[in-house]
Amino acid sequence: MNIEIFGSHAESGDAVTLMFRAEGAGWGIEDRELLGLMGVDPDAPFSGKAGRSKLCAGTGGLCLLVGLGKAEEVDADAFRTAVGVAVRAAASQELEGLAVDAAHLGRLGLDGDAAVECIVAALLAAYRFTAFKSDPGEADCPGRFAVVSADADIRARVDRAVAVAEGVRLARDLVNTPSNVATPEHLAGVARDLAAEFGFGVQVFGPEEIIGMGMGSFASVFRGSDTPARFIVLDSDPEGGRPLVFVGKGVTFDTGGISLKPSAKMHEMKGDMAGAAAILGLFRTLGRAGGGGRRVVGLLPCTENVPGSRATKPGDVVTAMNGKTVEILNTDAEGRLILADALAYSARYEPEILVDLATLTGACLVALGTKVAAVFATTAELDQRIREGGSRAGERYWPMPLWAEYGAPLKSDVADLKNIATREGGAIYAAMFLKNFVPEGVDWAHLDIAGPAWTDENASVFRPGGTGFGVRTLWELVGEYAEDGSELAL
Ligand code: BES
Ligand code: MN
Ligand code: ZN
């Protein structure tokens, strides 16, 4: 789907004009004029119900009306859903192009920039993963999507939207790519390509180097695999000041290791690198759109978790980079083991903030379902920034506790820590485990994205498979801290 910009509807050719309406609402004066341009009767009946669309033929062109649902419930999520309806309706009606009027979108009363959101949502709704199809078949979206606006800054806004959507699409591609292709070295290749294209710093460490740096906790996970592990460091500005540091779980496949998982749905564990994928997606967006002068560092520990004759066995004890010893009682609690060393590694950057993203626990899925991620933050400010930034972007978070009481059950009889506690409260114990490796005094948040990283849904901005969850939250966070930076500079 090509994104186009036109100064007026007359220039948009035979693209079908796309308009949104809430249930029970009428058209305002400007929208009546717009319909008049197409010769469409503004009083033609249309319910505006969520999920509905209607193609209207006027004397001067076609118009696709899409419902937003109940007027009092119209928000950015309802709007994204409606954009998804529009893209799918256009495909099934074989419309070659859609054109949306930015001023019309502005009148919908949404927070934020509705034109930017519309393009992001359209590009995400149009996403398909066809890399492994010998015949990709027909596209499931119109060939072109035009924005009509006479605003001078429309090109910059559209570019920003495309940059965001590209980041999310990259993360989806990586999650959807099977583990025999999306290996740790494959992810390193993506990082190197991003660095070459946009001038980022990149370092890629292999198994010996990881062991050499003292990352015994990370190494315990890759021991069993013949597919070499990688520790990837991406840096948007190696000469810059104190960075925002983002750590992403990059388990390219999680069998559970010696503590083997049951086989039902195990294939979904190709997506156990969704945290790392979100950070690679963020760097794609940063590369295309800039980071507002904020230095961003991504730390991606990447490995498979498989059984084998050299694999870690339950009861084994390892030493992490910060010197803490860990008794591994369950090799399926591997995410926290690789994140522990990456969090400890972050100390050298003196991070402004440290945020990790991980498909960390099934317990989080049990607690919150698939629509929301858990946020565990050491400060109220970081918690708030993540939740607010996420909700602007359609990525929801719910706060979870880091209470000291939850630390004691992680004490081991033979080592400093054990990597599991009880089943009950499993998401909290995972977070409390990680807290032991966060450098002293650093504001930290852990985002458990096990639920929303993956979807079976084919609606709104979603297609079944990876969602790219996290890219947009991180992008919003970078924007907020970039603004802080410029305030400081004043
Ligand atoms: N990658 C899984 C968590 C997960 C489960 C993500 C389902 C997405 C969907 C993680 O490594 C894991 O296996 N966690 C265990 C921890 C347990 C052994 C303490 C879990 O949640 O069962
Ligand atoms: Mn696991
Ligand atoms: Zn895992």
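Visitor: In S16, which residue is the bridge partner of alanine 374?
Guide: The model is predicted. Strand S15 covers residues 372-377 and strand S16 covers residues 396-399, and the two pair in the parallel sense over four bridges. In S16, alanine 374 has as its bridge partner tryptophan 398.

Visitor: Which helix makes a β-α-β unit with S15 and S16, and what is the hand of the unit?
Guide: S15 and S16 are parallel partners. The unit also contains helix H12, residues 380-392. With S15, helix H12 and S16 as its parts, the β-α-β unit is right-handed.

Visitor: Which helix gives the largest share of the shell around ligand 1?
Guide: Ligand 1 is surrounded by 16 residues, and the closest are Asp332, Thr359, Thr361, Gly362 and Ala450. By class, the shell has six nonpolar, six polar and four charged residues. Its largest share is three residues, and they come from helix H11 (residues 362-368).

Visitor: How many Å separate the centres of domain 1 and domain 2?
Guide: Domain 1 spans 2-151 and domain 2 spans 163-489. Taken over C-alpha atoms, the separation of their centres is 36 Å.

Visitor: Which elements give two or more residues to the side of domain 1 that touches domain 2?
Guide: In domain 1, 15 residues are in contact with 15 residues of domain 2. The elements that give two or more residues to this side of domain 1 are helix H2 (76-92) and helix H4 (114-125).

Visitor: What classes of residue has the side of domain 1 that touches domain 2?
Guide: This side of domain 1 has 15 residues in contact with domain 2. By class, they are nine nonpolar, three polar and three charged.

Notes:
Residues are numbered from 1 along each chain as its sequence is written. Chains are lettered from A and ligands numbered from 1 in the order in which they are written. This is a predicted model: local features need pLDDT of at least 70, side-chain atom pairs count only at pLDDT 80 or more; totals for chains, interfaces and linings use all residues. A residue is near a molecule or strand if its C-beta atom, placed from the backbone, lies within 6 Å of it. Ala, Val, Leu, Ile, Met, Phe, Trp, Tyr, Cys and Pro count as nonpolar, Asp, Glu, Lys and Arg as charged, and the others, Gly among them, as polar. Domain bounds come from an automatic or database domain assignment. Two residues are in contact if their C-beta atoms, placed from the backbone, lie within 7 Å. Two strands pair if DSSP finds at least two bridges between them. A crossover is right-handed if, with the strands pointing away from the viewer, the path from the first strand over the helix to the second runs clockwise.
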